[in-house]
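Thank you all for coming. I would like to take a few minutes on one model, so please have a look at it first.

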Amino acid sequence: MIPPCHNICTGDWGVQGYPYFSGIGVYTTRLFLKPDKNSLYVLRFDPGKDAAGITINDSHTIDYPWGPYEADITQFIHNSLNKFSIQIANTLSNLLQKSRLPSGLFEAKIYRYELLHCKNSDILR
């Protein structure tokens, strides 16, 4: 077992010093975004097999007991510094059964999709 650290990176908690941790881990970062009205912003993330929740700019948005782990975050982001928090909640198996199930945030990305505006006549051609 390695000594525990105060900051957890993306990836399995077990290899970062918490092999039997059961509870909730919170990942927080701040990003400057300049959203435009012709785009859709989607947060996709991978908490493995754990439940998750996301909070954007200190407003609770969505809980995810299971996947798919993605959300349209367009309405929650501002043209400024934005605070993103992802809460990962694993089961008690790691603690009670001393089984080391992979837990943590394995990946998180924000995707921007440009919205296309078409006339009905353009679609029917």
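This is a predicted model: local features need pLDDT of at least 70, side-chain atom pairs count only at pLDDT 80 or more; totals for chains, interfaces and linings use all residues.

Residues are numbered from 1 along each chain as its sequence is written, and side-chain values use heavy atoms, with hydrogens and water left out.

Let me begin with the open sheet, whose four strands come in the order S1-S6-S3-S4 with antiparallel pairing; strands here are DSSP runs of E with at least two residues, helices are runs of H or I with at least four, and both are numbered from the N terminus. Two strands are taken to pair if DSSP finds at least two bridges between them. Strand S1 (24-33) and strand S4 (59-64) stand at the edges, and each has a single partner strand, so one side of each is left without a neighbour in the sheet. From one strand to the next the twist averages 20°, where axes are lines fitted to C-alpha atoms and angles run from 0 to 180 degrees between N-to-C directions. Strand S3 (residues 51-56) is joined to S4 by five bridges, and Thr55 stands opposite His60 in S4.

How many salt bridges are there? The count comes to four, if we require a side-chain nitrogen of Lys or Arg within 4 Å of a carboxyl oxygen of Asp or Glu. One of them joins Asp36 and Arg112 at 3.8 Å, N to O, and this pair links distant parts of the chain, with Asp36 in the loop between S1 and strand S2 (39-46) and Arg112 in strand S7 (residues 107-114), 76 residues apart. Another joins Asp58 and Lys83 at 3.2 Å, N to O, and here Asp58 lies in the loop between S3 and S4 while Lys83 is in strand S6, 25 residues apart. Asp58 counts as exposed at 60% relative accessibility, whereas Lys83, at 23%, counts as partly exposed; buried means under 20%, exposed over 50%, and partly exposed in between, with a 1.4 Å probe and protein chains only.

Finally, Leu92, Leu95 and Leu96 make a nonpolar surface patch of about 310 Å², a patch being built from residues with over 30% relative accessible area and no salt bridge, with like charges joined within 9 Å and nonpolar side chains (Val, Leu, Ile, Met, Phe, Trp, Tyr) within 5 Å. Accessible areas come from the Shrake-Rupley method with a 1.4 Å probe, and for residues only the protein chains shown count as cover. Leu92 itself sits in the loop between strand S6 (80-89) and helix H1 (93-96).
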